[in-house]
Amino acid sequence: MHGLISLNTFEKKDIGHYLSLSQEMGKNLFSKFNTHGGKIASTLFFEPSTRTNLSFQAAAQRLGMGTLDYSHATSSSKKGESLQDTLKIVANYSDIIIIRHPKEGTAKMASQICDIPVINAGDGANEHPTQALIDLYTIKKELNKLEGLNICLVGDLKYGRTIHSLLRPLALFNAEITLVSPPQLRLEAKMIDSLKSELGAQISYADSIDASHADVIYMTRMQKERFSSQQEAQALRALCQLTAQMLENAKKEMIILHPLPRLGEIPAEIDSSPHAKYFEQAKNGVPVRMAILHDCLTK
Amino acid sequence: MHGLISLNTFEKKDIGHYLSLSQEMGKNLFSKFNTHGGKIASTLFFEPSTRTNLSFQAAAQRLGMGTLDYSHATSSSKKGESLQDTLKIVANYSDIIIIRHPKEGTAKMASQICDIPVINAGDGANEHPTQALIDLYTIKKELNKLEGLNICLVGDLKYGRTIHSLLRPLALFNAEITLVSPPQLRLEAKMIDSLKSELGAQISYADSIDASHADVIYMTRMQKERFSSQQEAQALRALCQLTAQMLENAKKEMIILHPLPRLGEIPAEIDSSPHAKYFEQAKNGVPVRMAILHDCLTK
Amino acid sequence: MHGLISLNTFEKKDIGHYLSLSQEMGKNLFSKFNTHGGKIASTLFFEPSTRTNLSFQAAAQRLGMGTLDYSHATSSSKKGESLQDTLKIVANYSDIIIIRHPKEGTAKMASQICDIPVINAGDGANEHPTQALIDLYTIKKELNKLEGLNICLVGDLKYGRTIHSLLRPLALFNAEITLVSPPQLRLEAKMIDSLKSELGAQISYADSIDASHADVIYMTRMQKERFSSQQEAQALRALCQLTAQMLENAKKEMIILHPLPRLGEIPAEIDSSPHAKYFEQAKNGVPVRMAILHDCLTK
């Protein structure tokens with residue numbers, strides 16, 4: 001059963017396929033709303049989320065589908081039901097399942113026990129493939145290319161599942177990747193090694209954000225739980241914070257992305273900068289997820 | 001971007017426009033349901049509410065729209081996201097936003113940062129314009145006129161945002177307005193003064209409800225938080241409570257309204273009286289809100 | 001106003017009517033989705049539930065309807081509103097109401113004060129008629145008959161409302177009924193007496209599950225609240241638990257049902273048995289509830 005669990009096996013053409021379809025969806029959010037009328041998309045979110053859950057619901061509804069929102073809090077899991085049983089039951093009511101879960105590998109497990117397509121909306125610190133496709137779509141739309149980008153990834157690279165899903169496609173398209181993060185939030189070495197050996201990825205660390213060479217600065221949020229004290233949090237956040245001054249030497253076309261929600265890592269004063277594209281990026285969530293839903297339902 | 005934040009700038013013709021459109025919607029709740037297919041209405045309620053949130057969702061769905069319900073409790077605001085960011089994100093997924101917030105002026109703020117229409121579903125003690133339009137629609141429908149009414153407003157006039165939105169239109173249509181409320185829940189004097197000087201409004205206080213002259217008795221709920229003690233609450237609530245006896249001298253056509261939910265201010269025994277129109281009023285919420293949504297989406 | 005509160009007055013032909021209509025819905029879940037476009041089904045669940053609430057929402061959406069989900073937690077009942085008022089208001093926004101409530105008789109009460117159809121989705125330990133129709137539909141579909149079945153009902157027969165709704169139809173179709181339950185969870189004697197005297201029902205108790213003669217083994221969950229201690233729970237649950245070994249002497253066609261969620265009464269290893277039909281049963285919830293909704297809305 002076709003779904004979307006990981007980008008690990010994606011080739012350039014697979015990404016290209018999704019980006020073209022997303023573009024088509026973006027052109028007319030309403031034109032295809034009849035196609036999937038009467039079908040049902042169910043969101044099962046075992047972690048809090050606004051944007052991912054709502055944007056999947058928005059995408060499904062724009063395709064004419066109904067939506068069921070499984071709320072962890074008021075569910076049969078209170079009655080002691082296993083996750084496997086819950087998944088089988090909800091799959092019985094639905095045409096496609098979108099799942100977020102704190103434990104790595106849950107989406108894959110779900111896809112093995114459900115006989116309908118399953119979309120991974122984030123499994124622990126592992127992957128968040130639909131966000132990565134949104135990021136790639138936004139880059140392509142804004143810069144009109146994906147090949148050979150200079151991209152700087154900033155913040156929580158260790159737990160940031162978006163980063164984990166995004167790195168491989170970036171390497172596929174021969175990006176020059178610079179990483180900026182506090183020591184305790186660095187990418188695992190084996191992930192970097194594997195990208196270098198498999199794809200010849202160009203990845204290096206820098207001590208601070210240097211906007212002058214970047215085509216893309218990709219910011220992420222660092223949760224307070226990652227730090228041992230308030231002081232440490234403050235010190236290390238300063239390292240991974242963007243300032244208006246940093247943008248003075250930026251290339252004219254450089255774009256700033258962020259999967260959102262943000263804390264202080266992008267000050268609100270930057271929102272009005274022509275470089276700021278993170279709200280555009282959020283908006284692109286709808287057509288890209290329309291494309292993913294449509295593709296999973298028709299393959 | 002056209003929305004509905006306040007009735008403060010409304011002229012008679014603006015009200016007339018909404019009431020005609022509501023009447024059309026009321027005639028056939030299903031006839032127009034295709035018009036807005038594939039579009040999405042998002043409700044953002046930062047205060048508990050049953051009827052307003054559900055009746056907006058009902059109105060949107062009867063127009064063929066999808067709905068997203070932003071639940072404050074399970075949202076990214078837990079992750080420290082600002083209200084402004086949340087609004088921008090949800091606006092990116094939606095075609096129209098309906099917002100309720102405990103702080104005055106939030107709806108206006110939202111309409112300034114979102115590039116889609118925003119409807120004020122209550123901002124603190126300030127305004128609740130869609131409820132006021134429902135009230136006016138119900139009066140027009142039941143009494144077949146809006147001009148020169150004798151109306152008695154009872155209860156919490158200080159914090160009652162419905163009252164604040166309703167007073168100006170009533171004055172516009174030259175109503176004779178009698179107010180009944182405990183001393184600490186009276187309207188702010190400057191609001192009365194401004195209505196008198198701007199529109200020549202006829203507003204006066206009375207010590208108790210006198211049903212004999214009224215065309216409309218408009219009841220409101222007094223929350224226990226407004227009183228310093230249980231005893232005070234009991235004493236002052238008695239003043240603002242309707243009884244079957246009071247209705248004996250009422251005009252045959254007199255109608256009783258209430259924005260609901262009610263506590264004891266209208267005893268259940270009055271529900272079967274021909275004067276009781278508060279459930280009709282609640283029902284009118286759907287066509288009036290269909291009219292408002294349709295109008296905001298097509299202007 | 002036609003609704004579905006109880007199966008108590010149902011004759012064989014009424015059940016046959018629902019099963020035929022369910023079969024038609026099951027053949028093509030999407031074909032009829034336009035029929036009820038623009039109409040609204042509201043679910044009012046005053047007890048936690050996943051499957052019943054979601055499967056009603058799925059059924060309504062597959063018929064093209066919109067859905068409103070009244071969440072007890074964030075509602076006006078917090079403001080002190082009576083259940084009666086809440087029901088009247090929600091009915092004003094809706095075309096049909098589906099209610100679950102911990103108190104017996106609530107669905108009937110609701111049907112008396114609402115002027116739209118009301119469906120009972122469980123009222124205390126009383127009835128759960130739509131689940132019973134799903135059970136009957138599943139039996140008919142799997143065994144191709146309803147008449148003269150040998151059926152064994154296991155577990156919490158005292159509080160199990162599904163059992164209470166299912167017994168009478170089983171007796172109508174001349175089932176031979178065996179009951180297995182801990183002493184404190186037995187059916188009330190007067191219920192058995194009434195089925196015997198009214199319908200000549202064949203009902204008897206057994207000490208343990210004997211799969212060798214059964215056409216249907218119907219398992220139910222026993223909640224820990226029903227037992228005085230952990231030890232008691234363990235001992236009595238063993239009595240009402242299915243094992244793979246028990247199935248060795250079973251008839252080839254025998255089916256195992258369970259309204260779900262389950263705890264340990266059916267071990268996961270049985271899921272792959274050809275006898276296991278409880279997930280099929282859950283899946284049948286959608287077409288059967290589509291049939292019920294359609295029927296209530298068109299009668």
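**Chain contacts and a helix pair**

Between chain C and chain A, 9 residue pairs are in polar contact, both residues being at pLDDT 80 or more; a polar contact is a pair of N or O atoms within 3.5 Å, where within protein one must be able to donate a hydrogen and the other to accept it, and residues adjacent in sequence count only if both atoms are side-chain atoms. The model is predicted: local features need pLDDT of at least 70, side-chain atom pairs count only at pLDDT 80 or more, and totals for chains, interfaces and linings use all residues. Residues are numbered from 1 along each chain as its sequence is written, chains are lettered from A and ligands numbered from 1 in the order in which they are written, and side-chain values use heavy atoms, with hydrogens and water left out.

**Chain C with chain A**

- Elements giving two or more residues to the side of chain C that touches chain A are α2 (51–62) and α9 (278–283) of chain C; helices are DSSP runs (H or I, at least four residues), numbered from the N terminus.
- The largest share of that side, 7 residues, is supplied by α2(C).
- By class, the side of chain C that touches chain A has 11 nonpolar, 5 polar and 7 charged residues; Ala, Val, Leu, Ile, Met, Phe, Trp, Tyr, Cys and Pro count as nonpolar, Asp, Glu, Lys and Arg as charged, and the others, Gly among them, as polar.
- Contact (heavy atoms within 4.5 Å) involves 23 residues from chain C and 24 residues from chain A.
- About 2,200 Å² is buried between chain C and chain A, 56% of it on carbon and sulfur atoms; buried area is the accessible area (1.4 Å probe) that two parts lose on being put together, summed over both.
- The interface of chain C and chain A holds 4 salt bridges, each a side-chain nitrogen of Lys or Arg within 4 Å of a carboxyl oxygen of Asp or Glu.
- A salt bridge joins the side chains of A:D85 and C:R262, at 2.5 Å from N to O.

**Chain B with chain C**

- Here 23 residues from chain B and 24 residues from chain C take part in the contact.
- Chain B and chain C have 4 salt bridges between them.
- B:D271 and C:K88 form a salt bridge, with their closest N and O atoms 3.4 Å apart.

**Helix pair in chain C**

- Residues of α1(C), including C:H17, C:Y18 and C:L21, meet residues of α10(C), including C:P287, C:V288 and C:M290.
- This contact of α1(C) with α10(C) comprises 8 nonpolar, 4 polar and 1 charged residues.
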